[in-house]
Amino acid sequence: AYSGLTSIMFRELCGETGRVIAVDADAGNIMAIRENLAMYLAKTGREIDLLEGAVWTHGNGISFSSEGNMGSSAVDIVGNRVGAANLVPSFTLSDIAERFDLDRIDFIKCDIEGGEGVIFTDAAFFASFRPRIIVEVHSIGGELTTDAVKQALAPHGYSFRMITQAGEGLPLMECWPS
């Protein structure tokens, strides 16, 4: 969720009955998110749920390399090259749906610094939910995570389209259930 700005934009777009769950594992980001979401709530009366931890393939916690900005990620992905590594809570997509008692998920915005190559393997989640997904793919070891995302989502009947981001070196990947 980084600073919470896109969470606020999505909350504005989803109307009075919509719900946004912001997820972040970086302690510095979480401080900024809390402050921004509190100001948004005070101004609009609209809440955004914050889950402090990382989306991952299990709920056992992960070593997370925090640098207090958009480059923070799982040590399994980026190594210890950025910031201090800390153990943070981790949640599968199914864990998040259960924790927030969700019966419908329409959209996922995924920008998790390479973790997108592993988190979409949650078959139970995709048996229950078929959200549209926008992924900012990343380069891991010189390879974009595009193929890993496709390999994880294709068995669940997803189609894909790449979107060039103006002024940004990494593309977005639009994923939708066919």
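## Glutamate 52 and its partner

Glutamate 52 is partly exposed, because its relative accessibility of 34% falls between the 20% and 50% cut-offs. Keep in mind that this is a predicted model. The side chain of glutamate 52 meets that of arginine 34 in a salt bridge, at 2.5 Å from N to O. Arginine 34 sits in helix H2 and glutamate 52 in strand S2, so this pair ties together parts that are 18 residues apart in sequence. Arginine 34 is partly exposed too, at 46% relative accessibility.

## A strand-to-strand pair

What does glutamate 174 form with arginine 132? The two make a salt bridge, with their closest N and O atoms 2.5 Å apart. Here the pair ties together parts that are 42 residues apart in sequence, because glutamate 174 lies in strand S13 (residues 172–177) and arginine 132 in strand S9 (residues 132–136).

Is glutamate 174 buried or exposed? With a relative accessible area of 13%, glutamate 174 is under the 20% cut-off, so it counts as buried. Arginine 132, at 40% relative accessibility, is partly exposed.

Salt bridges that share partners join Glu12, Glu16 and Arg46 into one network. Within it, the side chains of glutamate 16 and arginine 46 meet at 2.7 Å, N to O. That pair links distant parts of the chain, 30 residues apart: glutamate 16 is in the loop between helix H1 (5–13) and strand S1 (21–24), while arginine 46 is in the loop between helix H2 (27–44) and strand S2 (49–52). Glutamate 16 counts as exposed, at 60% relative accessibility.

## The overall tally

Searching the whole structure turns up seven salt bridges.

Conventions
Residues are numbered from 1 along each chain as its sequence is written. This is a predicted model: local features need pLDDT of at least 70, side-chain atom pairs count only at pLDDT 80 or more; totals for chains, interfaces and linings use all residues. Side-chain values use heavy atoms; hydrogens and water are left out. A salt bridge is a side-chain nitrogen of Lys or Arg within 4 Å of a carboxyl oxygen of Asp or Glu. Helices (H or I, at least four residues) and strands (E, at least two) are DSSP runs, numbered from the N terminus. Buried means under 20% relative accessible area, exposed over 50%, partly exposed in between (1.4 Å probe, protein chains only).
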